[in-house]
Amino acid sequence: MRDDREKWARVRIVMIGTIFGLLFLSVTGRAFYLQILQHEELVKKAERQHQHIVQLTPGRGVIMDRNGTPLAVSVDMDSCYAEPRRIKDMDGTAGVLAPFLGTSKQELLKKLNNDRGFVWIERRLTPEVAARIKNLKLTGIGFVSESKRFYPNCEVASHVVGFTGVDPVGLEGVERKYDSVILGNTGYMVTERDALGRDIALMDTVIKNSSPGKNIVLTLDKNIEYIAEKELAKAVTESGAKNGMAVVMESDTGRILAMANYPTFNPNAYSHYPQALLRNRAVSDSFEPGSTFKIFLISAALEEKVVRPTDAINCENGRYIIADRTIHDTHSFARLSVSDVLKYSSNIGAAKIGFKLGDERLFRYLRNFGFGERTGVDLPGESPGNLRDKRRWYGVDLATISFGQGVSASAIQLTSAVSAVANGGTLFKPYIVERILDDSGREVQKFEPQAVRRVISADTARKVTKMMESVTSEGGTGLNAAIDGFLVAGKTGTAQKADPVTHGYSATRRTASFIGFVPADKPKLTILVVVDEPKTSPYGGVVAAPAFRSIAVNALAYLKIMPKGEVGKTPRTIEVQAPPPKAVAMSEGDALDAATGVAVMPDFRGMSMRQVMQVMEKRGINIKLMGSGRAVEQNPPPGQTIRGADEVWIKFTPSA
C-alpha cells in the first residue's frame, strides 16, 4: 500500500515537472520569437506609436542642355506648418495669417481646429510671403525648407523636359523617363507622441533634410531648340494650321538637337493647359507621311537594282487606273525619269516603281528603315506607327504605300530614317540624354551613338541624295527650302488625313511636311517640319519648306557651318507677262467696279498659272506673275482695289 502511494507521488512529480518544463519552453520560444524574429517589426511599431514622421518633398537633380544651360532645377522654398496645441489664440492667428495666404479666415480655422499636433498650412511659399509670416513670430507656426521644381526657360523645350507633380514625381518627358535617376532621397521631420497618441511640439526640428538626385545632360541645344520652336510657331500661325512638329537631329549620330511642338505650354503652370496639349506629339503621335515616303521607295528600288535614276517611267499624263481606284498627279506628266519622279513628286511614277520592286522587298526595306516599330528613343509614350504586314496588303495597297498613304509614322521615326540616307546608309538609334552626373558633377554614365543596322549601301545613299537635291532646285517641289551657299537635299510631303466618320480620306484635311538634310554634300543636320491641317495651302512645299529653310539657316549660322560660294543659290523669280487685255462686258461682282472704274483684286490663291491668266484676260487686269505651280501669295489682298501706282503681283510655288 505504501509502495503504491510512493509510486503515485513520483508520477505526480514527473507530471508537474513536465508541465512546468513545457511552460518554460513555451515562454522561452515566445521570447525568442518576439525578441529575435519579430524584433525589427516591433521596433518600428513602437516608433509609430510614439513618433509621427512628416515626409518632406525630395529634391531632384538638374536637367541641362548639352552646353550646361539649366532647363529644370529644384529650388528650396519654405513650407509653413502649424502646431495647434501650442496656439493659444486660434481666431487671432487665423485672422492674421489669412491675408498672406490668399485664403479666408474660416478656411484657415478649419485646418487649425483639430486634435492633431501637426498640420500643413501652405506648401512652398514664395520667399516674400514666407519672410512676412516669419516676421510676425506667431506661436505654434513654423517653417521647414522643401524642394520645388522650377523651369527657368518656361515654354522652351517643355515637351522634351516634361514636368513633375506635387510629390514630386515626373509626369512627362525626361522628368518621367528618368524619374528614378533624377529623384533624390526624401527628408522628414519627426514629432514625439504622448501616451494617448497626441503629437508633442516639434520646436522647428528637422531630423533629416531631403537630398537631390543625379543630374541629366541632354543632347538638346537650347539655342537650336528656340530657333525650331520660333519658326514652327510662325509656320503654324501663318498657315492657320491646327498644330505642328519639328525635329532637328545630327545626321550621323542620332543625337536630337531640337524637338518642338506647337502649341506649347509652360511647365511651371502645366495644370492650366488641356491634357492633350501636354503630349509630345513628335514622339507619341503618328501620321501618314505622304510623298516623303518616296525617299525610301526609291532607295529600296535602287539598292535592289530594279531601276536606275535615268530610267523613264510612263506617268500616264496624270491619271492612272489600278483595279477600281484612280491615282492622280497634281500635274500631268507623260514620261519622267526616276530622278524626276522624286523631283516632281509623281504618285503614278512612285506606284509603278513600287510594282517593279514588289510588296515583299518594299516591306522588308521599310522595316529596315525602322517603320512599324519603336525607335527606342529615351522619351516616354513613343508610338510604333503603323506598317501592316505584307500579307495584309490588298488591292492598291502596294501602290498607295509607295507614295506614303495607308501607312503611318512618327516624326522621330521619319527623321531617323532620312538620317540613314544622309549618313551613307546606317540607321542610328535616336537619343536625348547625353550624360548622367552625380551631385558633385562627376560623370556616372555616358551615352554614345548607337548604330542599329545598315539599311542601304553608301553608293545608293549618294544617288538618292543627288536626287533629293533636285527637289530643292528650279522646278522642284521644295524650292522654298533652298539655301544660298548650301546644297539642300529634301522632300516635300502632302498627305490626306483619314476621316473618322466616312472611314475614308478627308477631302479638305491635309498634313503638310518637309524633311531634308544640309549641307547635302557633307550632312550635319536632318530637319523635319510637319504642319497639321494648314488652311492657306495644303502643300508641304508651301507651308513646311520655308520653316525648314529658316531653321536650317539659323542653326547652321549658330553652329558656324559656313556656306560655299554660290552653291545652292535660290533661283530668281521669273516674271511672266500676261496677254493683252480684251474688252469684256463687266457684271456685278466682277473685278471692275462700274461706278468708279477701279479694278478690284480677285482671290487667286490655290489657282494654277493658267487659271490666273484666264481670269486676268477676262477681267482686263495686268499682274506680275512670279515662280511656277500654284498661287500661294498675292498683293494686294483679295477684295482690295487696284490703283495705278500699286505693285500688283502673284507668287506661285510648286506643289508636292
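This is a short walk through a predicted model of one protein chain, from the overall numbers down to a few side chains.

Okay, let's start with the whole thing. The protein chain has 656 residues, and buried ones make up 50% of them. For secondary structure, we get 20 helices and 30 strands. If you take the contacts with a separation of 6 or more, 72% of them are between residues 24 or more positions apart. And the accessible surface comes to about 31,400 Å², with 52% of that belonging to carbon and sulfur atoms.

Now, charges. Side chains of opposite charge can pair when their charged atoms come close. How many salt bridges does the structure hold? The count is 29, and I'll go through three of them.

Take Asp221 and Arg66. Their side chains meet in a salt bridge, 3.1 Å from N to O. Look at where they come from: Asp221 is in the loop between strand 9 (215-218) and helix 9 (222-239), while Arg66 is in the loop between strand 2 (63-64) and strand 3 (70-82). That puts the partners 155 residues apart, so this pair links distant parts of the chain. Are the two buried or exposed? Asp221 counts as buried because its relative accessibility is 1%, under the 20% cut-off. Arg66, at 30%, is partly exposed.

Next, a pair of sequence neighbours by number: Glu231 and Lys230. Here the side chains meet at 2.8 Å, N to O. Glu231 is buried at 8% relative accessibility, whereas Lys230 is partly exposed at 40%.

Glu469 forms a salt bridge with Lys466, with the closest N and O atoms 3.3 Å apart. Both sit in helix 17, residues 458-471, and they are three residues apart, about one turn of the helix. Glu469 is buried, with a relative accessible area of 13%, but Lys466 is exposed at 54%.

On to the strands. I'd like you to find strand 23, residues 505-518. Why do I call strand 23 largely enclosed by the rest of the structure? Because 10 of its 14 residues are buried. On one hand, strand 23 pairs with strand 22, residues 489-498, in the antiparallel sense over nine bridges. On the other, strand 23 pairs with strand 24, residues 525-532, again antiparallel, over eight bridges. The link from strand 23 to strand 24 is a hairpin through six residues.

Staying with strand 22, go to Ala489. Ala489 is buried, with a relative accessible area of 0%. What does Ala489 touch, leaving out residues up to four places away in sequence? The partners are Thr465, Met468, Glu469, Ile515, Gly516, Phe517 and Ala520.

Aromatics, quickly. A search of the whole structure finds 11 aromatic pairs. One of them is Tyr81 with Trp120, an edge-to-face pair at 6.4 Å centre to centre, with 85 degrees between the planes. Tyr81 is in strand 3 and Trp120 in strand 4, residues 119-122, so the pair links distant parts of the chain, 39 residues apart.

Last stop, cysteines. How many disulfides are there? Zero in this structure. Among the cysteines, Cys80 counts as buried at 0% relative accessibility, and Cys315 is likewise buried at 0%.

Notes
Residues are numbered from 1 along each chain as its sequence is written. This is a predicted model: local features need pLDDT of at least 70, side-chain atom pairs count only at pLDDT 80 or more; totals for chains, interfaces and linings use all residues. Side-chain values use heavy atoms; hydrogens and water are left out. A salt bridge is a side-chain nitrogen of Lys or Arg within 4 Å of a carboxyl oxygen of Asp or Glu. Helices (H or I, at least four residues) and strands (E, at least two) are DSSP runs, numbered from the N terminus. Buried means under 20% relative accessible area, exposed over 50%, partly exposed in between (1.4 Å probe, protein chains only). Two strands pair if DSSP finds at least two bridges between them. A disulfide is a pair of cysteine sulfur atoms within 2.5 Å. Contact means heavy atoms within 4.5 Å. Accessible areas come from the Shrake-Rupley method with a 1.4 Å probe; for residues, only the protein chains shown count as cover. Rings of Phe, Tyr and Trp (its six-membered ring) pair if their centres lie within 6.5 Å; planes under 30 degrees apart count as stacked, over 60 as edge-to-face and the rest as tilted.
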